[in-house]
Amino acid sequence: MSETDRLQPGETTQLDPQALIARAAVTDVVVAAGLLFDSGEFETLNTLYTADALFEMIPAPEGFPAAISTSKQITDGLAQLWRINRETVGVHSRHAVSNLLVTRLDSDTAEVYSVLTVTGLYSDGELGLRRLGNYVDRLRREGTAWRIAHRRLYLQDPPQLWPIAATGHQNSGSDQPVPEQG
């Protein structure tokens, strides 16, 4: 997908029925990933990632790798984290994904930015905020279904939304988008 395919908020050029169906499907995948993690449904969660998927955490939390590749390794790692949270930490997490913004969409690829809030119900009955972050998900259509091909979880600073080509800004060669000037 080229940088010119980047959608602007409120853009109406992609409001045909097929684009609306695709937008609904990609946002459902992003939301479902957190819901399936919370409920421990890792076999189903595995189906939301492409076989060659990459999951990155920026920065990586202590004790976790900065990147995990393949759908199996991703879901195995998430299953291990789920067990540690429940059995060692004594917390039942809830992942709330909000502020979803589809920034790219074509027939086979999509990009979605979102905000992640993780709360926890601890075994002593306390509620707590566990984590805040942002996802940048790149999805790929496989047959009739959308799958996460690349997920970046930003755990400190939120990612910038707009690419260099759209703004004329330069960066140090990173593939991160840069903010729109306005």
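Which residue forms a salt bridge with Arg 140? The partner is Glu 142, and the closest N and O atoms of the pair are 3.5 Å apart. A salt bridge here is a side-chain nitrogen of Lys or Arg within 4 Å of a carboxyl oxygen of Asp or Glu.

This is a predicted model, in which local features need pLDDT of at least 70 and side-chain atom pairs count only at pLDDT 80 or more, while totals for chains, interfaces and linings use all residues. Residues are numbered from 1 along each chain as its sequence is written, and side-chain values use heavy atoms, with hydrogens and water left out.

**The chain as a whole**

The chain has 4 helices and 6 strands. Their order along the sequence is α-α-β-β-α-β-β-β-β-α. Helices (H or I, at least four residues) and strands (E, at least two) are DSSP runs, numbered from the N terminus.

Of the 182 residues in the chain, 37% are buried. Buried means under 20% relative accessible area, exposed means over 50%, and partly exposed lies in between (1.4 Å probe, protein chains only). The chain exposes about 9900 Å², and carbon and sulfur atoms supply 52% of this area. Accessible areas come from the Shrake-Rupley method with a 1.4 Å probe; for residues, only the protein chains shown count as cover.

Among contacts with a separation of 6 or more, 53% are between residues 24 or more positions apart. A contact means heavy atoms within 4.5 Å.

**Salt bridges**

Side chains of opposite charge can pair when their charged atoms come close. The structure holds 7 salt bridges. The table lists some of them.

| Pair | N to O distance |
|---|---|
| Arg 104 and Glu 111 | 4.0 Å |
| Arg 151 and Asp 137 | 2.6 Å |
| Arg 140 and Glu 142 | 3.5 Å |

Arg 151 is buried, at 2% relative accessibility. Asp 137 is buried too, with a relative accessible area of 0%.

In the pair of Arg 104 and Glu 111, both residues are buried.

Are Arg 140 and Glu 142 buried or partly exposed? Arg 140 counts as partly exposed, at 28% relative accessibility. Glu 142 is likewise partly exposed, at 36%. Salt bridges with shared partners join Arg 140 and Glu 142 with Asp 52 into one network.
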